[in-house]
Amino acid sequence: MMKRRNTRHRAFDPDPDAPDRCCDMHGCDQPAGYRAPRSRDALNKYFWFCLEHVREYNSRWDYYRGMSPGQIEAHIRADASWDRPSWKLGQGSAARAFSEDDVIDPLDLLRGAAKARARSRTRRQHDEDRRADAPPALRYPLGVLDLGWPVSMEELKTRYKLLARQHHPDANGGDRKAEERFKGINIAYTTVRAHLVATSAREDVARRA
């Protein structure tokens with residue numbers, strides 16, 4: 001039975017592209033079959049050694065030799081982004097205004113999102129106009145809750161639950177800004193609710209009179 005010839009190179013086989021010359025180690029006349037980079041600044045330029053001397057060379061190789069700890073850290077950080085420039089979000093080329101007109105959108109997804117934003121702006125503007133008729137002491141709390149005027153107790157509770165879930169510190173990893181927003185939402189809810197309860201009580205008294 002014929003055995004299939006194994007054409008795969010073994011781990012320590014000489015490089016098939018090795019030049020036909022002797023080892024670069026001074027005084028060595030063995031064939032050069034193994035490459036090793038000349039320096040960290042010339043990684044694509046090689047010494048060619050025999051197996052014994054490439055092992056010796058590699059055992060002494062230290063890519064970061066001569067670099068300070070700060071230089072080593074900067075080099076590692078650059079490697080993390082493949083030596084490409086990076087910048088904070090909102091800076092550099094990422095800061096250019098995005099235009100939906102520049103995007104090919106055959107499914108009209110972006111236009112649908114634009115319509116949704118337009119509806120949201122219209123609703124907010126409508127609520128702002130409605131808040132103009134609210135008692136002065138309630139205009140700011142209603143703005144915090146993004147509600148118009150008049151508002152029912154049911155509408156108030158629904159909006160409060162939505163905003164409380166969204167801005168609760170536990171849902172935002174303990175973020176301090178979220179905690180401050182959550183406190184402001186609680187104060188606004190308490191203020192508007194107290195006004196609605198007091199108004200309802202006065203109306204009940206007036207009806208019984």
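The model is a predicted one, in which local features need pLDDT of at least 70 and side-chain atom pairs count only at pLDDT 80 or more, while totals for chains, interfaces and linings use all residues. Residues are numbered from 1 along each chain as its sequence is written, and side-chain values use heavy atoms, with hydrogens and water left out.

**Cysteines**
- The structure holds zero disulfides, a disulfide being a pair of cysteine sulfur atoms within 2.5 Å.
- C28 is buried as well, at 15% relative accessibility, and because its sulfur lies 3.8 Å from the closest cysteine sulfur, in C50, the two are too far apart for a bond.

**H53**
- H53 is found in helix α1 (residues 51-60), where helices are DSSP runs of H or I with at least four residues, numbered from the N terminus.
- With a relative accessible area of 13%, H53 is buried, and it touches C23, M25 and C28 (heavy atoms within 4.5 Å), not counting residues up to four places away in sequence.

**Helices α5 and α6**
- The axes of α5 (residues 153-167) and α6 (residues 176-208), lines fitted to C-alpha atoms over the stretch in contact, with angles from 0 to 180 degrees between N-to-C directions, come within 10 Å and cross at roughly 170°.
- The two helices are therefore roughly antiparallel, a term for angles over 145 degrees.
- Among the residues that meet are L156, Y160 and L163 in α5 and F182, I185 and Y189 in α6.

Notes
Buried means under 20% relative accessible area, exposed over 50%, partly exposed in between (1.4 Å probe, protein chains only). Angles under 35 degrees count as roughly parallel, over 145 as roughly antiparallel, 65 to 115 as roughly perpendicular and the rest as oblique.
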